[in-house]
Amino acid sequence: MGLRDECAAGDGCMLRWDCGHSGLRGTGASTELWVTSSANYRIVTMSFVEYGDTIKDGDTAIVFLGHESMFPVKVQHGTVTQTKYGVIRHSTDLIGKKYGSKVTCSKGGWVFILHPTPELWTMNLPHRTQILYSTDISIITMMLELKPGSIVCESGTGSGSLSHALIRTVAPTGHLYTVEFHQQRAEKAREEFREHGVEHLVTVTNQDVCKNGFGVSNIADAVFLDIPSPWEAIGHAKSALKAEGGRICSFSPCIEQVQRTCLAMEEYGFTEINTLEILLRVYNVKTISLQIPDLGKAAEDNSSTGFDSSNPSHQGSPCANLQQGTVQFKSGVPLREVVGHTGYLTFATKSLV
Ligand SMILES: C[S@@+](CC[C@H](N)C(=O)[O-])C[C@H]1O[C@@H](n2cnc3c(N)ncnc32)[C@H](O)[C@@H]1O
């Protein structure tokens, strides 16, 4: 269950936030910088796989205005960024400051500047295609059994949402081979990987995966497909996987695509074929006020149950407001709009025999 108070950073209220693998954690009043991958802080150039302490010229940073309001900026000397709280001047407000800093904008409101993570990038990236989101990505990473050092083949690259997560998972010794047949998308993905300091971990190939495969054979621990006709790429996926075996996943929005993909997987000798649909239900923690129905003589009932509203130890309990006719308590409330179907994830194994 996620804990979110309803506020925006610039409102000056307490911020509760817990998202991603590096950056800022805690409340607006007392913040704490943390790193998952390394016990020691090191000053490194911003990278999506390694934490850098200080904001530098050329970095991609995330401007956090509130829970539903963030955007990425490319940090550049002499540049300004407009926000609803006023202007952020990169030279004076960003460069040299620590990631996680609270930056006051020209109109007096404030924002947080966050170190980028694959999760924040997925929430903020420029969409060139439909993308995969963190709910599906987390299951894909686990079910493909990915870890540092894994070799992964992916197609298509699309907007690079999944690619960034895969790269972070296989770093520092693994590699992602990603195939995209749309030339501009392939070039844009290369450019973003370079800007995000991860180009040494990924090879982008501009070709049709169904006709020409992944450009590698017998090296992959896992293959991931997010293309309209995945069944046409299953043979190439099998060739890309290591001779001793590996895992495959195919994402498709429609069940007819899933059926054809499962048949192709079976035909190519894949085993353990499983299709999952992952649905996420997020809860907000809120203070709820309920009116107490008038059930008669509250004072007498209190004395018979031992409740004494003048007793300090009873104050603050749900019963404390009984005489005012309302009771307040904290409860988890599901969001009014819940993300529904994204797609089906079909997993299978290439085994030795
Ligand atoms: C839905 S997008 C992938 C989104 C990606 N998973 C992400 O999270 O950003 C599908 C991509 O596959 C590419 N594509 C479709 N068929 C392809 C094929 N046969 N070979 C290579 N790429 C293909 C499309 O150009 C498109 O960019």
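I started with Glu180, which is buried because 28 other C-beta atoms lie within 10 Å. My scale: buried means 20 or more other C-beta atoms within 10 Å of the residue's own, exposed means 12 or fewer, partly exposed is in between, and C-beta atoms are placed from the backbone.

Two notes on the source. Residues are numbered from 1 along each chain as its sequence is written. This is a predicted model, where local features need pLDDT of at least 70, side-chain atom pairs count only at pLDDT 80 or more, and totals for chains, interfaces and linings use all residues.

Where does Glu180 sit? I found Glu180 in the loop between strand E10 (175-179) and helix H5 (183-195). Helices (H or I, at least four residues) and strands (E, at least two) are DSSP runs, numbered from the N terminus.

I listed the contacts of Glu180, leaving out residues up to four places away in sequence: Ser155, Gly156, Thr157, Arg185, Ala186, Ala189, Val204 and Asn206. Contact here means C-beta atoms, placed from the backbone, within 7 Å.

**Asn206**

I followed that list to Asn206, in the loop between strand E11 (202-205) and H6. Asn206 is partly exposed, because 16 other C-beta atoms lie within 10 Å. Beyond four places in sequence, I see Asn206 in contact with Glu180, Phe181, Gln183 and Ala186.

**Ligand shell**

How many residues surround the ligand? I get 22, and the closest are Leu132, Gly156, Gly158, Ser161 and Phe181. Helix H4 (161-170) and helix H6 (209-212) are the elements that give two or more residues to this shell. Near means a C-beta atom, placed from the backbone, within 6 Å of the molecule or strand.

By class, I have 9 nonpolar, 9 polar and 4 charged residues in the shell. Nonpolar covers Ala, Val, Leu, Ile, Met, Phe, Trp, Tyr, Cys and Pro; charged covers Asp, Glu, Lys and Arg; the others, Gly among them, are polar.

**Ser161**

Is Ser161 buried or exposed? Ser161 counts as buried because it has 23 C-beta neighbours inside 10 Å. I place Ser161 in helix H4. Setting aside residues up to four places away in sequence, Ser161 touches Thr122, Leu125, Ile131 and Leu132.

**Helix H3**

In H3 (residues 134-143), I find Asp136, Ile137, Ile140 and Thr141 buried. They are on the same side of H3 because they cover an arc of only 130° around the axis. The arc is that of the directions from the helix axis to the C-beta atoms. Their cover includes H4, strand E12 (222-225), strand E13 (246-252) and strand E17 (344-350). Just after H3, I noted a positive phi of about 60° at Glu145.

**Hairpin and totals**

E3 (residues 60-66) and E4 (residues 69-74) pair antiparallel over 6 bridges. Pairing needs at least two DSSP bridges. The two strands form a hairpin with 2 residues between them.

Overall, I count 9 helices and 17 strands. Buried residues are 37% of the 353.

Conventions. Two residues are in contact if their C-beta atoms, placed from the backbone, lie within 7 Å.
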